[in-house]
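I opened my notebook with this model on the screen and wrote down what I looked up, one entry at a time.

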Amino acid sequence: GADVLAAGLPATMAEQVDGYAQEVVDLQDLLRATEARLQNALADGEIAVAEEAFYRKITLLYKVQLACDARHRLVDSVVRFAKQPTPPQLALALQTVRALADAAEASVTALGHLIYEKESKLEAIEQALLAEQCRLQLCIDSLDSNAKKHALAKKTLHKEKHVLEEELHLLHERQDVCAQAY
């Protein structure tokens, strides 16, 4: 009837597919901008801005995943809707599945890159902790007045390490979820 498009889908389903496609594109644009902001903040040493960009990036990756999941469910509905799928329906379903796979792959890749960066930073912090421990021990042994400064630096590094380990745990969980969706 009038509510069926040329592809044989109800108008609302076709609009939903287009809406999810646009949402994924918009979220990927936001993700690229957030990644650039994160990289700039890390390069400039702005930890607070980098942390905010990091959490924004995780939120956007989660939203991309939700949009992909919604599109995936819609594609399943489209495939079930068509009793004998026509070539346009199959092409639409294939196009949607490809878009979902691309979005999931991009999410997994972006998370992998972020995990690599965080693990590298964690290694650097562990090396700095070892160096501070050596400096602190030297100051204690020689009764140097800088011992308090090194103890404070060590305490700060331990806090940063703890925060980074929590972030890595969250990223690994998110990567597992995205990999399962992929």
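**Entry 1: a glutamate.** In which helix is Glu132 found? I located Glu132 in helix α3. A reminder to myself before going on: this is a predicted model.

Leaving out residues up to four places away in sequence, Glu132 touches His150, Ala153, Lys154 and Leu157. With one of these, His150, the side chain of Glu132 makes a polar contact of 3.0 Å.

**Entry 2: the overall fold.** I stepped back to the whole chain. I counted four helices and zero strands in the protein, which gives the pattern α-α-α-α along the sequence. I also looked up how far apart in sequence the touching residues are. Among contacts with a separation of 6 or more, 75% are between residues 24 or more positions apart.

**Entry 3: inside and surface.** Of the 182 residues, 33% count as buried. The protein exposes about 11,200 Å², and I noted that carbon and sulfur atoms supply 58% of that area.

**Entry 4: the core.** Which residues touch the most other members of the largest nonpolar core? I found Leu38, Phe54, Cys68 and Leu171, out of 28 residues in this core. Each of α1 (11-44), α2 (47-81), α3 (87-141) and α4 (147-181) supplies at least two residues of it. I followed up on Cys68: setting aside residues up to four places away in sequence, Cys68 touches Val24, Leu100 and Ala103.

**Entry 5: cysteines.** How many disulfides does the structure hold? I found zero. Cys134 has a relative accessible area of 46% and is partly exposed, whereas Cys139 has 6% and is buried.

**Entry 6: a loop residue.** Where does Asn146 lie? I found Asn146 in the loop between α3 and α4. Asn146 is partly exposed, because its relative accessible area of 32% falls between the 20% and 50% cut-offs. Last, I took a distance from Asn146 back to Arg135, 11 residues apart along the chain: their C-alpha atoms are separated by 9.1 Å.

Conventions. Residues numbered from 1 in each chain as written. Predicted model: local features only at pLDDT ≥ 70, side-chain atom pairs only at ≥ 80, totals over all residues. Heavy atoms only, no water. Buried < 20%, exposed > 50% of the residue type's maximum accessible area, 1.4 Å probe, protein only. Contact = heavy atoms within 4.5 Å. Areas by Shrake-Rupley, 256 points an atom, 1.4 Å probe, with all protein chains shown as cover. Core = buried A, V, L, I, M, F, W, Y, C linked by side-chain atoms within 4.5 Å. Disulfide = S-S within 2.5 Å. Polar contact = N/O pair within 3.5 Å; in protein donor to acceptor, adjacent residues only side chain to side chain.
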